[in-house]
Amino acid sequence: MAKVVTVKNVKFGEGMPKIAIPISDSDFTGVRKSVNLIANSPCDLVEWRADFYDHVDDPEVRIKPLTLFRNQLWNLPILFTVRTSVEGGMLDIETKPYIDLILAVIDSGLIDMVDVELSRGDAAVKAIVNAAHEAGVKVIGSRHNFHSTPDQEVIIRSLVRMQELGCDLVKYAVMPQNERDVLRLLDATLTMKEEHNDTPVLTMSMGRTGVVSRICGQLTGSCITFGTAGKASAPGQLPANGLSIFLKSLS
């Protein structure tokens with residue numbers, strides 16, 4: 001039986017894949033508009049892609065959106081993500097300030113979940129996992145490849161390593177070069193569900209070729225899919241309204 005992780009009554013790893021809507025605005029005005037759009041969209045959790053936000057390293061700057069999320073989206077889990085340039089994100093940052101930024105946001109008490117990149121190394125992942133768990137925050141370990149789709153064994157090995165490091169959910173995102181790449185990612189996901197079910201898993205094959213991976217999670221075992229209510233934060237994301245219809249029709 002696969003493990004289920006519950007955050008604010010949302011059960012990850014059970015039932016339909018949960019819809020996450022990313023917020024990827026660069027300023028507070030944009031964030032406020034995105035929050036209003038989310039209020040009218042099917043959504044199970046909100047991801048703040050803080051690497052898009054100007055001066056997110058300044059505590060006085062980032063406290064405004066964090067407080068807005070808590071006040072306006074209080075019933076939804078808030079996932080804090082700093083996607084770095086190493087894994088296809090917008091923020092070019094060294095490992096120590098990356099860790100410090102995430103630890104400070106955990107200490108704010110304004111988030112429910114946090115993303116940590118496996119590429120930052122075991123020590124960084126462990127430090128963030130320990131701090132998050134002390135604060136009652138769940139951790140999504142993640143790995144992103146915006147250029148290609150690795151061998152299935154590489155994908156599985158990385159996901160299992162995240163589990164070993166104590167992450168509560170584990171994520172792998174890839175870029176397909178052809179249809180076979182998409183099938184390889186889906187097969188790796190199903191293998192995790194069948195053989196390494198210590199945590200819920202979420203995967204996606206990005207771009208137009210990989211769109212099917214965003215709607216078939218109930219079959220393969222991917223527990224979260226990312227939809228839009230405005231801007232997309234990664235290629236291939238579908239509008240949340242349409243995504244919800246697909247998921248319900250397949251359940």
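Q: What volume does the second largest cavity have, and what makes it a cavity?
A: The second largest cavity has a volume of about 60 Å³, where volume is the space filled by probe spheres set on grid points joined across faces, edges and corners. It is called a cavity because, on a 1 Å grid over the protein atoms alone, a 1.4 Å probe fits at its points but cannot get out. The model is predicted, so local features need pLDDT of at least 70 and side-chain atom pairs count only at pLDDT 80 or more, while totals for chains, interfaces and linings use all residues. Residues are numbered from 1 along each chain as its sequence is written, and side-chain values use heavy atoms, with hydrogens and water left out.

Q: What makes a residue part of the lining of the second largest cavity?
A: Lining residues have an atom within 4 Å of a point, and those of this cavity include Ile21, Pro22, Ile23, Ser34, Ile38 and Lys231. Strand 3 (18-23) and helix 1 (28-38) each give two or more residues, strands being DSSP runs of E with at least two residues and helices runs of H or I with at least four. The largest share, three residues, comes from strand 3.

Q: How many residues line the largest cavity, and which lie nearest its centre?
A: The largest cavity, with about 120 Å³ of space, is lined by 14 residues, of which Arg49, His144, Lys171, Ala234 and Gln237 lie nearest its centre. Strand 4 (45-49) and strand 8 (169-174) are the elements that give two or more residues to this lining.

Notes:
1 Å grid on protein atoms, 1.4 Å probe; cavity = no way out; pocket = protein on both sides within 12 Å on 5 of 7 lines; lining within 4 Å.
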